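Please look over the model below with its charged side chains in mind.

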Amino acid sequence: MRESLIPVVLMSHTAHIRNHRKPRRNATTLAMRAGVAGGVLSTLAVAGAAGSASAAEPATQTLELPTLTADLATQLAQSADATQQAAANYELQAERDAAAAKAAKQAKADLADAKKKAEAKKKAEDARKAAAAEAVSRSSTRSVLSASAGSGGSSTVSAPASGSVATVIAFLKAQVGDAYVMGGTGPNAWDCSGLVQAAFRQVGVDLPRVSQDQSTSGTPVSLSNVQVGDILYWGSAGSAYHVGVYIGNGQYLDAANPSKGVVIQDLSGYPATGAVRVL
């Protein structure tokens, strides 16, 4: 029997190692890459040409600068105008505030002046009324003085035997210069009836407190027969509004009013309406 022979192929000792060589580029691949490279270079060339053209024409870029400068100047002018307007508004507001404060001060002064004028007017009216009352009193006094005799009446106050007119007059003169205060009963401020009451209390005669009642105390006497120590009254008996004491020589002493206080006055300057005698 014939034996078959198997051919043996000898292998290189490096046959098992992978080949790391890059495969060869075929013609088509090289052509495509060349085309791409050419396109890129063309684009760069065009861009370079455009840049060169732009550099050759600088006016194209500087044409916009005047426009930007004008806009900025306009904005600055508007800002300055706004600032100036704000300052003017503040100044105007300050002037208005000052004017309002001045007006308020003037209004306050006018109010105070109006009050003073009202008070002065009231005082003048009170003085006018007092003058009118005095005129009526003097008219009544003239009627009394023209009568030939005084009216008669009974005494409501009896004077003690030890009573002294001199003591009454001395007390009254010691109070000259004291203040007049409505309702005052001493020792340094009096009203008319308070002074008369205190004077006669010195000799034990207890007179009523007010002038209306004092004008009907004691014995009524005519003014033509009045004597030192007699009580004089102004107004009608029982409703007299003022009293004083006759001290002789045509004079009387009284707590006259707030402006005069306790004084000695001439009866001819302010004639009494009537008189009563308690001593």
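1. A residue is called buried when its relative accessible area is under 20%, exposed when that value is over 50%, and partly exposed in between. Please keep in mind that this is a predicted model.

2. By this scale aspartate 230 is buried, since its relative accessible area is 1%, while arginine 277 counts as partly exposed at 21%. Arginine 277 and aspartate 230 form a salt bridge, in which the closest N and O atoms are 2.8 Å apart. This pair links distant parts of the chain, for arginine 277 belongs to strand S8 and aspartate 230 to the loop between strands S3 and S4, 47 residues apart.

3. In the whole structure, a search finds 3 salt bridges. Another of them joins aspartate 191 to arginine 209, with 3.0 Å between the closest N and O atoms. Aspartate 191 lies in the loop between strand S2 and helix H5, and arginine 209 in the loop between H5 and helix H6, so the pair ties together parts that are 18 residues apart in sequence.

4. Aspartate 113 forms a salt bridge with lysine 117, at 3.3 Å between the closest N and O atoms. Both residues lie in helix H3, 4 residues apart, which is about one turn of the helix.

5. Which residue is buried yet has no salt bridge? This is aspartate 254, whose nearest side chain of opposite charge, that of lysine 260, is 7.4 Å away. Aspartate 254, in strand S6, does have a polar contact of 2.7 Å between its side chain and that of histidine 242.

Technical notes: Residues numbered from 1 in each chain as written. Predicted model: local features only at pLDDT ≥ 70, side-chain atom pairs only at ≥ 80, totals over all residues. Heavy atoms only, no water. Helix = DSSP H or I, 4+ residues; strand = E, 2+ residues; numbered from the N terminus. Buried < 20%, exposed > 50% of the residue type's maximum accessible area, 1.4 Å probe, protein only. Lys, Arg positive; Asp, Glu negative; His and termini not counted. Salt bridge = Lys/Arg side-chain N within 4 Å of Asp/Glu carboxyl O. Polar contact = N/O pair within 3.5 Å; in protein donor to acceptor, adjacent residues only side chain to side chain.
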